[in-house]
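Take a look at the protein below.

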Amino acid sequence: MNDDFRLKLIKIRGEKIAHRNELLAMKTQGIDAKQIGEIIDLDDMIAREQLAIDTLDDTIARLS
């Protein structure tokens with residue numbers, strides 16, 4: 001059971017890392033909210049994704 005849960009968390013972590021990397025790419029390309037058509041704060045979104053990744057890392061480590 002723990003192994004299945006751990007594998008699911010690892011998959012989610014990979015998705016979070018991919019999303020964070022997309023946000024970082026957007027930031028480095030200078031894409032802002034006007035180009036996206038929404039009001040967003042890339043720095044805040046990047047920070048939230050990183051926090052989620054760190055939390056997942058801790059949880060995965062505890063299950064190992």
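This is a predicted model. Begin with helix H1, which covers residues 2–28, and with H3. Helix H3 runs over residues 42–63. The two helices pack at an angle of about 160°. Their axes lie 9 Å apart. Two packed helices are described by just these kinds of values, the angle between the axes and the distance between them.

What does the angle tell us about direction? Angles over 145 degrees count as roughly antiparallel. The angle here is about 160°, so H1 and H3 are roughly antiparallel to each other. The crossing has a hand as well: H1 passes H3 in a left-handed way. Which kinds of residues form the contact of H1 with H3? They divide into 16 nonpolar, 4 polar and 8 charged.

Now zoom in on one residue of helix H3, Ile-53. Is Ile-53 buried or exposed? Its relative accessible area is 2%. Buried means under 20%, so Ile-53 is buried. Which residues does Ile-53 touch, leaving aside its neighbours within four places in sequence? They are Arg-13, Lys-16, Ile-17 and Arg-20. Look at Lys-16 in particular. In sequence, Ile-53 and Lys-16 are 37 residues apart. In space, their C-alpha atoms are 6.4 Å apart.

Move along to Glu-49, which also lies in helix H3. Glu-49 has a relative accessible area of 11%. The same cut-off of under 20% applies, so Glu-49 is buried. Not counting residues up to four places away in sequence, Glu-49 touches Lys-16, His-19, Arg-20 and Leu-23. Lys-16 and Arg-20 are among the contacts of Glu-49, and they are among the contacts of Ile-53 too.

Now step back to the whole protein. How many helices and strands does the protein have? There are 3 helices and 0 strands. Read along the sequence, the pattern is α-α-α. The protein has 64 residues, and buried residues make up 16% of them. Ile-53 is one of the buried residues, and Glu-49 is another.

The accessible surface of the protein comes to about 4,900 Å². Carbon and sulfur atoms account for 55% of that surface.

Finally, consider contacts between residues at least 6 apart in sequence. Of these, 69% join residues at least 24 apart.

How values were computed. Residues numbered from 1 in each chain as written. Predicted model: local features only at pLDDT ≥ 70, side-chain atom pairs only at ≥ 80, totals over all residues. Heavy atoms only, no water. Helix = DSSP H or I, 4+ residues; strand = E, 2+ residues; numbered from the N terminus. Buried < 20%, exposed > 50% of the residue type's maximum accessible area, 1.4 Å probe, protein only. Contact = heavy atoms within 4.5 Å. Areas by Shrake-Rupley, 256 points an atom, 1.4 Å probe, with all protein chains shown as cover. Axes fitted to C-alpha atoms, helices over the stretch in contact; angles between N-to-C directions. Parallel < 35°, antiparallel > 145°, perpendicular 65-115°, else oblique. Left-handed = near helix turned anticlockwise from the far one by under 90°. Nonpolar A, V, L, I, M, F, W, Y, C, P; charged D, E, K, R; others polar.
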